[in-house]
Structures are given as C-alpha cells and as structure tokens.
Amino acid sequence: MSARATLATTRRVLTQLRRDHRTLALLLLVPVLLLTLLRYVYADRPVVFDQVGGPLLALFPFITMFLVTSVAMLRERTSGTLERLLSMPLGKGDLLLGYALAFGGVAVVQSVLASAVALGFLGMDLAASPALVVLLAVLDALLGMALGLFLSAFARNEFQAVQFLPAFVLPQLLLCGLFAARATMAAPLRWLSAAFPLTYAVDGMQQLAGSGSFTGDLGRDLAVVAGASVLALTLGAATLRRQTS
Amino acid sequence: MRGLVVERGGRQVLRGVDFSLTPNLITGLLGPSGCGKTTLMRALVGVQSGVTGEVTVLGQRAGTRGLRRRVGYVTQAPAVYSDLSVTENLRYFAAVAGAPQHRVGEVLGEVALERHAGQLVQQLSGGEQARVSLATALLTVPELLVLDEPTVGLDPVLRRDLWALFRRLADAGTTVLVSSHVMDEAVRCDRLLLLRDGRLVADEAPSHLLRRTGASDIEHAFLAIAESRA
C-alpha cells in the first residue's frame, strides 16, 4: 500500500467528477429535490414524512454511489486505464481505497446537504443527532460503492451496468421494511430480507428516527453495513485481475 | 521467450513462439492484423492470461511485481483519462508508478506535447492522445518498452520524430519492441520479427531478410516467405 498512490487516485477521481458539472449537480441536488417533493406529497401527514423520508436519507447515497461507481469502474475497464494501472506498481488496495475516499467525501457533502435541508427547512423530525444521520448515510454510500464496484465486473457495457440497479437494488428495496414491516412478511421473505445489507441501512435510519440514543440495534446495523461493504470490496478486489484474456 | 503458446477462447492464438530481445536495439514485430502481435506483447508484459511456455523479462518471470516499474507498455488505444488534462494524467500516473514529479515535464518534452500540457485529452487529436499514452509509459524510464502500433495515423513528420525518440531510447540502453502492420516502417528497425498465424516466420535484420528473399522491400519479402510456406 502506498499513501501517495491512494491519495493521487482520490484526487484524480474527484478532478474527473469536478469537470462533470451535470453529474455533480445531479448527485447533490436530486436528493434535496426528491425530499422536498415528498414533503409536499405528505403535506398534511408530517409523521409519515418522517417515517419515509428518514430512510430515504440512507437510500439516496446508497443508490447514487452504486450507479456512479459501477459506471466509473466500467469506464476504467473499457478505456484500458484499469489494465494500465494494474500493469503498474499499484496495489489493488490503493485503487479501492482511493475510490472509497473520493466517493466517501462526495457522500459526506451529499448527505450533509440532504440532511440539512430535510431537518432544517422541511421540518423532518428525527430523534437522533444529525451527525449520526450523516455517519450512517456515509456508510450506506460506501456500501453502495462497494457493491457497484463488485457488480461492475460482471457488466460488459453501460446498458448492463445500469440494469444492475433494478436487478440487485430493487429487490433489496422491496424487502427492506420500507414498504411492508418485516414482521408481517412470510418467513422466506423475512430470511431473504435479513440477508440483504440494505435492510440494515434502512433499519438503522428508522432507529435514528425513533430514538435519540445509540441503541444496540443501531450498533448492529452500523456493523452489518460496514461489514458488508468490506466484504463487497474484498470481492471487488478479486475481480481486478492483472491478467486478462 | 521460449515455446510461448497462448490460448484464447479455445483457440491457439500463438503456437510456439521463441525469441529473445537485445538491449540497444529496436525490434519490429510485424505481421497482418489478427496474427497475434498484441497477444504476444501482452504475454511479454505479463497481462495476458492462458499463457504456457517460458516468458522471462530482465531475468524475472513476465508480469512479476518487481518488473512493473521496469517495463513500459503502450496499448494500441490510448489508455489515459480523456476528461483530465495531459499534465493531470501524467501527474497521476507518476504518483501511481512511483516516478518523481519532475519526470512529468521531461516526458512532455520527449513526446513534444509541451504546448498541449494544460489541454484536456479529449480535445486532442488521435495522434496527440497516442503520444500522451506513450509519455505515460516513459515516466519510470523503463528498461523494456513495448509499443503496440504507436505510429498509426500519425503524419510523416511526427512519425519520423517518434522513431527518432525510439532510437534515442534504444541508444540509452532501453530494449524497444515496436509492432506495426505497416511494412514500410520495418526499415527503421534493427531487427524484425515477422509473425503470421501465431508463428514467427522470420527473425533477422531487415537487410538480411531482403538479401535472403531477394525481395525489393519488406512487403515483398513477407509475401515471399508466406508463399514459400503455403
């Protein structure tokens, strides 16, 4: 591992993102606009806005980082830059950590902005401190990034990479407890739900909405989200092959 | 390189290739498109899977960790970030390769791109992009430089300048392997490897090849060899 290569990768990824004004604007403004929209959908039911809007603060960073990372890695593969990097004295860990720092940084900005608008202007009422909300959102972003990185290895082109979102993220979304309480699901669905990392991301945000203190359940949620990210990153590292056909 | 066989998708792309490269010389790898030139170069750099046989580079097995600084590889399509400027690309790859930052300015001069240093790569012409990719490979001052069709689509002046650069690098002790499907570039090489259908059909100096086949140019020499074997 080399700190110079890792930080250079972070700087390079952020420079590329900074050049792409439209993507940057979409990353930062879409969560805010969607939350505002939701606020007016539930104009006369602020409690429902809290219940649904809270988990959305966890979902936005997850979904956007999943998409951005899978396309970014696919580009690295198709442009030949990944092959060049892997033929250089670059550790795979440097590349992954460099990406994680860059997208983690973007996730901090994204979730601070979304939380600030939701809690400050839209009247969302979460029991927990905003700092915990941002922490969980950033962990969710890293989970999305790690999954996107891993799955991008199985996409041959952008069409496939983008289709991985409905294929791998929507089932997790349907079973995460946002649409139906997990306790009311049939047993096999509950098991499946327990195996999906997004379930813990959303549950964590629900914990934050309901209680101001750091509960054991919240600790478990944070640990599962972080553990799943590490697992996905490890699997992702295994897909970075120095030798290809 | 001894007994190199490479299988891709159940087909033998290279079918037993033997040769060794000499420092201070420019070796040209020539052959029609699809004959296995790129696969051979990838095996030499150590990024090709499905390789059997013995590929030794600078005393180590190809692709070994210690070789990654000492071998420069320039792919046919420029492998650089098109949304970064020339300097940003070079600075990044220098950090990754562990090359000192002053090399960035030096390689810019070597490939004559100082004027375009601040421009985004996507705004450059194809030939300029190819030179950015080449500059990247020069950052670490590699001992073996493997170039896959580096002069495709360049104007004659630039082509001459690039060959002069290859010559300077070789004179400074670099082993240079250049592939091309344009036979008229062969005369600029010290030694030629002719590859056809995954086998080497010639390995000698251009003048020797011409004398042996009695041909007037390399194109005809290649034809003479191909027909005598058919």
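Here's a quick tour of one kinked helix and one helix crossing in chain A. Keep in mind that this is a predicted model. The kinked helix is H7(A), with a bend of about 35° at Val169(A). The crossing brings together H1(A) and H5(A), whose axes come within 7 Å.

**Helix H7 and its kink**
- H7 of chain A runs over residues 158-175, which gives it 18 residues.
- From first C-alpha to last, H7 reaches 27 Å, close to the 26 Å you'd expect at 1.5 Å a residue.
- The kink at Val169(A) sits shortly before a proline, Pro171(A).

**What H7 packs against**
- The buried residues of H7(A) are Ala161(A), Val169(A), Gln172(A) and Leu175(A).
- Those buried residues pack against four partners in chain A: helices H3 (46-79), H6 (130-152), H8 (187-195) and H9 (197-210).

**A closer look at Val169**
- Val169(A) counts as buried because it has 21 C-beta neighbours inside 10 Å, and the cut-off is 20 or more.
- Leaving out residues up to four places away in sequence, Val169(A) touches Ile63(A) and Phe66(A).
- Phe66(A) is 103 residues from Val169(A) along the chain, yet their C-alpha atoms are separated by 9.0 Å.

**Where H1 meets H5**
- H1 (residues 3-19) and H5 (residues 92-121) of chain A cross at roughly 45°, so H1(A) is oblique to H5(A).
- Residues making this contact include Val13(A) and Leu17(A) from H1(A), plus Gly98(A) and Tyr99(A) from H5(A).
- As for handedness, the crossing of H1(A) and H5(A) is right-handed.

Technical notes. Residues are numbered from 1 along each chain as its sequence is written. Chains are lettered from A and ligands numbered from 1 in the order in which they are written. This is a predicted model: local features need pLDDT of at least 70, side-chain atom pairs count only at pLDDT 80 or more; totals for chains, interfaces and linings use all residues. Helices (H or I, at least four residues) and strands (E, at least two) are DSSP runs, numbered from the N terminus. The expected span of a helix is 1.5 Å times one less than its number of residues. The bend at a residue is the angle between axes fitted to the seven residues ending there and the seven starting there. A residue is buried if 20 or more other C-beta atoms lie within 10 Å of its own, exposed if 12 or fewer, and partly exposed in between; C-beta atoms are placed from the backbone. Two residues are in contact if their C-beta atoms, placed from the backbone, lie within 7 Å. Axes are lines fitted to C-alpha atoms, for helices over the stretch in contact, and angles run from 0 to 180 degrees between N-to-C directions. Angles under 35 degrees count as roughly parallel, over 145 as roughly antiparallel, 65 to 115 as roughly perpendicular and the rest as oblique. A crossing is left-handed if the near helix is turned anticlockwise from the far one by less than a right angle, and right-handed if clockwise.
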